[in-house]
Amino acid sequence: KKLILPSELDHIILSRLPHPRTGKATLYGFDQHTKHVFEVQSVQDGVPRSCFVGETVHSDGQLHVISIIDPLFLCLRFLVKAVPADGNFTTMDSIFISTDFPAVARLEESPNLGDQLALICDVKGDEDFKVFRLNDDKLMTWLTAKVGKFAQYIDPKSVTGTAAISDSYIATGAKAASRRDVLQYAVGMLTEFVDKDTEKKLRTHLKLPIATTAKRKSSGAGKFAGCEAVDDYTKLNSSDMKKGKAPKLTAAQ
């Protein structure tokens, strides 16, 4: 299997972290130079195919594509777990620690992580010592901004053309989706990167319907179909990494 990398990336370490939605062990890439974090997705549509890599034909046409991810999505699960029973603040090194996922310590190396955490956390202390506590109001503001940014890249006509406009509305007409429909679709895509409780809070915050499990199955229709997170990093190694153009914006960026 081959991994497509943006052309400017040279030093990627592959490690497992819990998926922000499911908690399942999932493959992520860490750039040793920039310290950025990347998600790895398997691109497949169930149709057997081969592909060219240089002048070589590979019988297995399945590809793995890497794209940057906002590290805060990966931090959320650990921030929730790190909140003490008394609701007090906690230090960063107490947040990013896990016997099951030791690679979580790499998140501390993300650029300006302290400033980034301040977007979703209450923060106390100075430059030498800071403590953090997840703040739901800040989290909803941050996620709402993410939804708005992602919605800007959604063509209402293309949303209508998919199997589902959103988690709660099935397209039956030929007209382009309304702004609300686009917003619901954007939320459906974005919440693939947050847990169920956070999704419910976000939908309540935006006054949108709460998605059911059955309805969520349709939210991946359209351009994102055939892409799924990779959980088996043993099948990838440095020789599998092929460089290509950087991918377009995804919900997790």
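Predicted model: local features only at pLDDT ≥ 70, side-chain atom pairs only at ≥ 80, totals over all residues.
Biologist: Let's start with Cys-75: is this residue buried or exposed?

Modeller: Cys-75 is buried, at a relative accessible area of 0%. The word goes by cut-offs: buried is under 20% relative accessible area, exposed is over 50%, and partly exposed falls in between, using a 1.4 Å probe and protein chains only. Before we go on, residues are numbered from 1 along each chain as its sequence is written.

Biologist: Fine. Which helix does Cys-75 lie in?

Modeller: Cys-75 lies in α1. Helices are DSSP runs of H or I with at least four residues, strands are runs of E with at least two, and both are numbered from the N terminus. The chain has 8 helices and 12 strands.

Biologist: How do I check the length of α1, and what should its 12 residues span?

Modeller: The expected span is 1.5 Å times one less than the number of residues. For α1, residues 71-82, that gives 16 Å, and the end C-alpha atoms are 16 Å apart, which agrees. At its start, a side-chain oxygen of Asp-70 comes within 3.0 Å of the backbone nitrogen of Leu-72. That is a polar contact: a pair of N or O atoms within 3.5 Å, where within protein one must be able to donate a hydrogen and the other to accept it, and residues adjacent in sequence count only if both atoms are side-chain atoms.

Biologist: How many residues of α1 are buried?

Modeller: 9 of the 12 are, so α1 is largely enclosed by the rest of the structure. Among them are Leu-72, Phe-73, Leu-76 and Ala-82. Across the whole chain, buried residues make up 44% of the 253.

Biologist: And what is Cys-75 in contact with?

Modeller: Contact means heavy atoms within 4.5 Å. Setting aside neighbours within four places in sequence, Cys-75 is in contact with Phe-96, Leu-107, Leu-113 and Leu-117. Its C-alpha atom is also 8.5 Å from that of Ile-95, 20 residues apart along the chain. Looking at contacts in the chain between residues at least 6 apart in sequence, 65% join residues at least 24 apart.

Biologist: I always look for disulfides. How many are there?

Modeller: Call it a disulfide when two cysteine sulfur atoms are within 2.5 Å. By that rule the count is 0. Cys-75 is in none, and the nearest cysteine sulfur, in Cys-121, is 8.5 Å away. Seen from Cys-121, that closest sulfur is too far for a bond. Cys-121 is buried as well, with a relative accessible area of 0%.

Biologist: Now sheets. In what order do β8, β9 and β10 sit?

Modeller: Two strands pair if DSSP finds at least two bridges between them. Here 3 strands make an open sheet, ordered β8-β10-β9, with antiparallel pairing. β8 and β9 (121-125) are the edge strands, each pairing on one side only. Between β9 and β10 (residues 130-134) there are 5 bridges, and Gly-125 has Lys-130 as its bridge partner.

Biologist: Thr-90 is in β8. What does Thr-90 touch?

Modeller: Not counting residues up to four places away in sequence, Thr-90 touches Ala-82, Ile-95, Val-131 and Phe-132. Thr-90 is buried, with a relative accessible area of 13%. Ala-82 is also one of the buried residues of α1.

Biologist: Which strands form a hairpin?

Modeller: β2 and β3 do, with 6 residues between them, and Gly-23 in the turn has a positive phi of about 80 degrees. The two strands pair antiparallel over 7 bridges, with Pro-18 opposite Ala-25. In β2 (residues 12-18), 5 of its 7 residues are buried.

Biologist: Last one: where is Ser-110 found?

Modeller: Ser-110 is in the loop between α2 (92-95) and α3 (113-117). A polar atom of its side chain lies 2.9 Å from the backbone oxygen of Leu-107. Ser-110 also touches Lys-35, Val-37 and Pro-71, leaving out residues up to four places away in sequence.

How values were computed: Heavy atoms only, no water.
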